[in-house]
Amino acid sequence: MGVDLRQVVAGILTITMFVMLGQMLHRDYFDSLQEKAQGDAQDIEFEGSKVSVKDGLVGTVEGSKGLWMEDNTDLNPCWPTLLSDEAVSSKGYVTFSLTNGPEYHISQISDAVMVAKHLGATLVLPDIRGSKPGDERNFEDIYDEDKLIKSLENVVKVVKQLPEEVSLRNMAIVKVPTRVTEDYIKEHIDPIFKSKGNIRVASYFPSVNLRKSSQDGETDPVACLAMFGSLELQPEVNAVAESMVERLRTHSRKSGGRFIAVDLRIDILEKKNCHTTGVVGSKTCYNAQEIALFLRKLGFASDTTIYLTQPRWDSSLNILKDIFPKTFTKEAIMPASKRSKYLESESSEYENVIDFYISSRSDVFVPAISGLFYANTVGKRIALGKPQVLVPAEISETSGRATDFISPYISKKNHLAYSCFC
């Protein structure tokens, strides 16, 4: 019996359609997208990048500029012109702590500033608390306190510590949902503040999704300033992180100093178990072997430099290093004179903020794990004009364009950071 060529072609096109649909659904799932995207999707294209498929591997077409995107310098902060001329403070104080790592700190500082601003209260610099009991640090151990105070001087009054006559024990603890709004503050927090005089704010996270929402309206300029214009590493920590970035660029001479940062932590992968979602080519997280194959099939050369957020080298990472020999964790690229303080201390906060810094400034960021670290790293990268965030997936032999894997936060411009930059 003869074979109808038209039926064969139709079958191939149908399979290809399902593969593409599966990839699109996967990217939305990975971002924890729970409602329909607002506005029209906008495609992000690599500068001159084209790919060809051969034996299931994707390579750059001769004459193209490769798989690396150029930085975007078109966006600027749009909150300065919307802020009030001066801060107004009452006799009351708002205190809080930074907890769980830099991806939480950004939201916690934003919530506390919003509460203090809209209550007319004075904000007290927070302490920093790690995941272990007794793991506490002063704000200035990690972040630049002078930068924060100066950046907020026209928004809210900030003091380094509570006056001696004010006791933490007598403060009312108020839980606020992250991305707290002025209306929520007026309705739920203002009555408590007027009654107690001083409050302690604790943020909770109903969702790790940082998409813009039509229900939110425009992002409050105070929140924008707090999230993207107030929190910077103190000079010594910043210098250590920057020296690590420069060392990675030194290893990347053949690719023009460009490198990839991958958020891949073995302990979290073991907890998540990286189970499949039921969507074609889709999983909730990816291990070292899967990340290696993903990057290789996109066409990244074997001499590409890769930074991993994994704290120390683990044997499960060997497969990644076999394919990309220039794969490093912190201990391999941190200056030897700094390791005792930043790698061998009981606190992991130093390591966490260094990971966030490097992931935000790498030329490509690949989140092997979905969550708040991914979401806030994308936000920081948008602020810095670094849009190349590739969400991993299992690539079939007939697909592998890097543009297919750009984070929807970027391709659809639906990250809340786009409300703060214009």
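## Basis of the model

Residues are numbered from 1 along each chain as its sequence is written, and side-chain values use heavy atoms, with hydrogens and water left out. Because the model is predicted, local features need pLDDT of at least 70 and side-chain atom pairs count only at pLDDT 80 or more, while totals for chains, interfaces and linings use all residues.

## Overall make-up

The protein has 15 helices and 14 strands. Helices (H or I, at least four residues) and strands (E, at least two) are DSSP runs, numbered from the N terminus. Of the 422 residues, 51% are buried; buried means under 20% relative accessible area, exposed over 50%, and partly exposed in between (1.4 Å probe, protein chains only).

The protein exposes about 20,400 Å², and carbon and sulfur atoms supply 49% of that area. Accessible areas come from the Shrake-Rupley method with a 1.4 Å probe; for residues, only the protein chains shown count as cover. Among contacts (heavy atoms within 4.5 Å) between residues at least 6 apart in sequence, 75% join residues at least 24 apart.

## Helices H2 and H5

Two packed helices are described by the angle between their axes and the distance between the axes. Helix H2 (residues 102-119) and helix H5 (residues 182-196) pack at about 70°, and their axes are 10 Å apart. That angle makes H2 roughly perpendicular to H5. Axes are lines fitted to C-alpha atoms, for helices over the stretch in contact, and angles run from 0 to 180 degrees between N-to-C directions. Angles under 35 degrees count as roughly parallel, over 145 as roughly antiparallel, 65 to 115 as roughly perpendicular and the rest as oblique.

H2 contributes Met-114, Val-115, His-118 and Leu-119 to the contact, and H5 contributes Glu-182, Ile-185, Ile-189, Asp-190 and Phe-193.

## Helix H9

Helix H9 (residues 288-298) is largely enclosed by the rest of the structure, because eight of its 11 residues are buried. Among them are Glu-290, Phe-294 and Lys-297.

Asn-287 caps the N-terminal end of H9, with a side-chain oxygen 3.2 Å from the backbone nitrogen of Gln-289. After H9 comes Gly-299, which has a positive phi near 105°.

## Two buried residues

Ser-230 sits in the loop between helix H6 (221-228) and helix H7 (235-250). Ser-230 is buried, at 0% relative accessible area. A polar atom of its side chain lies 2.6 Å from the backbone oxygen of Ala-226. Leaving out residues up to four places away in sequence, Ser-230 touches Ile-109, Lys-147, Leu-148, Ser-151, Leu-152 and Leu-225.

Glu-349 belongs to helix H13 (residues 349-361) and counts as buried at 2% relative accessibility. Although Glu-349 and Ile-128 are 221 residues apart along the chain, their C-alpha atoms are separated by 8.5 Å. With residues up to four places away in sequence not counted, Glu-349 touches Gly-101, His-105, Ile-128, Arg-129, Gly-130 and Ile-142.

Most residues other than glycine have a negative phi. Arg-179 is not a glycine, yet has a positive phi of about 65°. Arg-179 lies in the loop between strand E9 (172-177) and H5, and is partly exposed at 31% relative accessibility.

Lys-413, also not a glycine, has a positive phi of about 50°. Lys-413 is in the segment after helix H15 (408-411) and is partly exposed, with a relative accessible area of 26%.

Note on methods
Polar contact = N/O pair within 3.5 Å; in protein donor to acceptor, adjacent residues only side chain to side chain.
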